[in-house]
Amino acid sequence: MGSAGESGWVVSLSLAAKAGELSADPSRLLALAVVVAVCWLTTLLLHWAFPGGPAWGRYWWSRRRSWGIGGVIPGPRGLPVVGSMGLMSGLAHRKLAAAADAIPGARRLMALSLGDTRVVVTCDPVVARDILNCSEFADRPAKESAYGLMFHRAIGFAPYGAYWRTLRRTAATHLFSPKQISAFGLHRAEIAAQMVRALNGLPSQPVQVRKIVKRASLNHVMWFVFGKKYGLEQETEESKELRSLVEEGYELLGKLNWSDHLPFLAGLDLQRVRSGCNGIVRRVERFVTRIIAEHRVGHRRAAEAATGDFVDVLLSLQGSDRLSDADMVAVLWEMIFRGTDTVAVLIEWVLARLVMHGEVQARLQAELDAVVGRNGAVTGPEAIPALPYLQAVIKETLRMHPPGPLLSWARLATSDAIVSGGHSVPAGTTAMVNMWAIARDPAVWPDPLRFDPDRFIGPGGHAAEFPVMGSDLRLAPFGSGRRSCPGKGLAMATVELWVAALAHEFEWRAPSDDAAEGGDVDLSEVLRLSCEMAAPLTVRLRRRRRGLA
Ligand code: HEM
């Protein structure tokens, strides 16, 4: 039984070998072709009929493995050959959650096939912990666009090993250390003030905030990583070029690339992913190499003054930690790429929720008035620890709208692993966590569809002990374990400060007075690498305090 799939092929191949002898007789040749086609179809169907679809069927028939104590992982078959590719297009997090709900036991762990790729997805916090925290899943699956955009030489897609460890350690020590993040607080506040001025100066209402927040976020990362300061009001050619590189890269990396999963398409570049990546990479190399060269000139000076940004740090690495120029370009480009959109996407969701829930906005503003004063300004990060409701609003937004609903980048099993429940996940399987589904599961969160920041407020109005940095898998929007997001501290510090400033300076209202409160906010989503609002948030703003510059 176990070899049925293989023996089908053996029969057809041996029959094909006879074809030469039979070529003299067309009717026998036709009969042979029919037999071969039937064998081929039978093999396809045998593979496809297996729970999880063709890639899982092929694996089990060829390995003749036992199914482990947990038995076969349940999952949709999808279509022969391509499997469940359809589930990964559009709003994949919603489609995967619906598919898991339809099959008993599949929320815990669901198998599916993306062409030749075996995939497991979990909507369960216990299994999510196993996947994200165990060393068997510390790698990332190969993705043509990630390689094409050089991310295999940066932290995100570097194979788990010595090189990746060096990069993580260097970034953790010199870029994302709490000391570094807090030292940058005043710069963050300066960008917040620029944002407030830009919004205040917009000539007409209603306004869209996305462009300003995205530009602010890019300027922030450029300053933090490259030590380069851009103004928000006028966009320079340099920042325009960088913004378009990030946007185009996002488009390519977020695309479901069929040739990642169907090797017979690999040579064709049907979706133009490879050519798109080549074009971007040439521009990125030009851009980042120029910045590195500028730093080389000033590097000795920075070293002597014991100051310097992340480029200076990378230039100063010695011995086995030393990076080639090409590696440095990849690492720096990844920081810009990952640090820009995620933060802006989250801030837009928070503001949308403030517009929708007037009572939440009023309570947040009352908290800000009490801490910084009605006519005071949020001028730095010192106020943040005294603002538990602000933190609760951001956590609740992360719960309902995680920027990476499937945690953006999947994991790869490097050896066979057993996860809770006893299911065996074979080496080479791609593993995903549906954080969006976990955060909306009524068994995990009471009344999960209600936006209620009070979930994160404890007795006496203090912040409840609920970390979102990866130790509690009921809400881990930054992932968990050794490959969790290294930029999470920076991201939270930025979002907290900017939302505090924006909520303190303006009242945020829906564009139309006639609409029922919040009725104007369109919460439709679009999922690329991050999940953002499909229709940019449009608002009317009213200044709240006197003395706004
Ligand atoms: C709201 C903002 C952000 C969110 C929601 C977010 C989310 C994530 C998630 C879910 C992962 C995958 C984690 C895993 O596999 O367990 C990740 C990885 C990563 N993130 Fe973030 N991120 C954010 C901001 C940032 C920032 C500001 C930076 C850097 C400037 C950054 C850099 C990275 C990098 C380099 C990785 C790859 C880590 C590795 O593979 O070792 N992220 N992020």
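**Close-up views of a predicted model**

In strand S11, the bridge partner of Gln208 is Thr538. This is a predicted model, in which local features need pLDDT of at least 70 and side-chain atom pairs count only at pLDDT 80 or more, while totals for chains, interfaces and linings use all residues. Residues are numbered from 1 along each chain as its sequence is written.

**View 1. The open sheet of three strands, with the order S3-S11-S8 and antiparallel pairing.** Helices (H or I, at least four residues) and strands (E, at least two) are DSSP runs, numbered from the N terminus, and two strands pair if DSSP finds at least two bridges between them. Strand S3 (207–208) and strand S8 (506–509) stand at the edges with a single partner strand each, so one side of each is left without a neighbour in the sheet. S3 pairs with strand S11 (residues 538–543) over two bridges in the antiparallel sense, and Val207 has Val539 as its bridge partner in S11. S8 is joined to S11 by four bridges, and these two strands run antiparallel; here Arg509 stands opposite Arg540 of S11.

**View 2. The open sheet of four strands, with the order S1-S2-S7-S4 and mixed pairing.** Its edge strands, strand S1 (110–114) and strand S4 (411–412), each pair on one side only. Strand S2 (residues 117–122) and strand S7 (residues 430–433) run parallel and are joined by four bridges, with Thr122 standing opposite Val433 in S7. Helix H6 (residues 125–133) lies across S2, S4 and S7, and runs at about 130° to S7; axes are lines fitted to C-alpha atoms, for helices over the stretch in contact, and angles run from 0 to 180 degrees between N-to-C directions.

**View 3. The crossing of helices H16 and H18.** Two packed helices are described by the angle between their axes and the distance between the axes. The axes of H16 and helix H18 (residues 388–400) come within 10 Å and cross at roughly 110°, and H16 and H18 are therefore roughly perpendicular to each other, a term used for angles of 65 to 115 degrees. On H16 the contact is made by Leu346, Trp349, Val350 and Arg353, and on H18 by Val393, Ile394 and Thr397, where two residues are in contact if their C-beta atoms, placed from the backbone, lie within 7 Å. By class, this contact of H16 with H18 has five nonpolar, one polar and one charged residues; Ala, Val, Leu, Ile, Met, Phe, Trp, Tyr, Cys and Pro count as nonpolar, Asp, Glu, Lys and Arg as charged, and the others, Gly among them, as polar.

**View 4. The shell of residues around the ligand.** Of the 29 residues around the ligand, those that come nearest are Gly339, Thr342, Gly479, Cys485 and Gly487, a residue being near a molecule if its C-beta atom, placed from the backbone, lies within 6 Å of it. Helix H16 (325–356) and helix H20 (488–505) each supply at least two residues of this shell, and H16 gives the most, with seven residues. The shell has 15 nonpolar, ten polar and four charged residues.

**View 5. Residues 29–50, listed in a UniProt record.** An unreviewed UniProt entry lists residues 29–50 as "transmembrane region"; such annotations may be inferred rather than shown by experiment. In the model, this span is 91% helix and 0% strand, and the end C-alpha atoms of residues 29–50 lie 32 Å apart.

Key
Angles under 35 degrees count as roughly parallel, over 145 as roughly antiparallel, 65 to 115 as roughly perpendicular and the rest as oblique.
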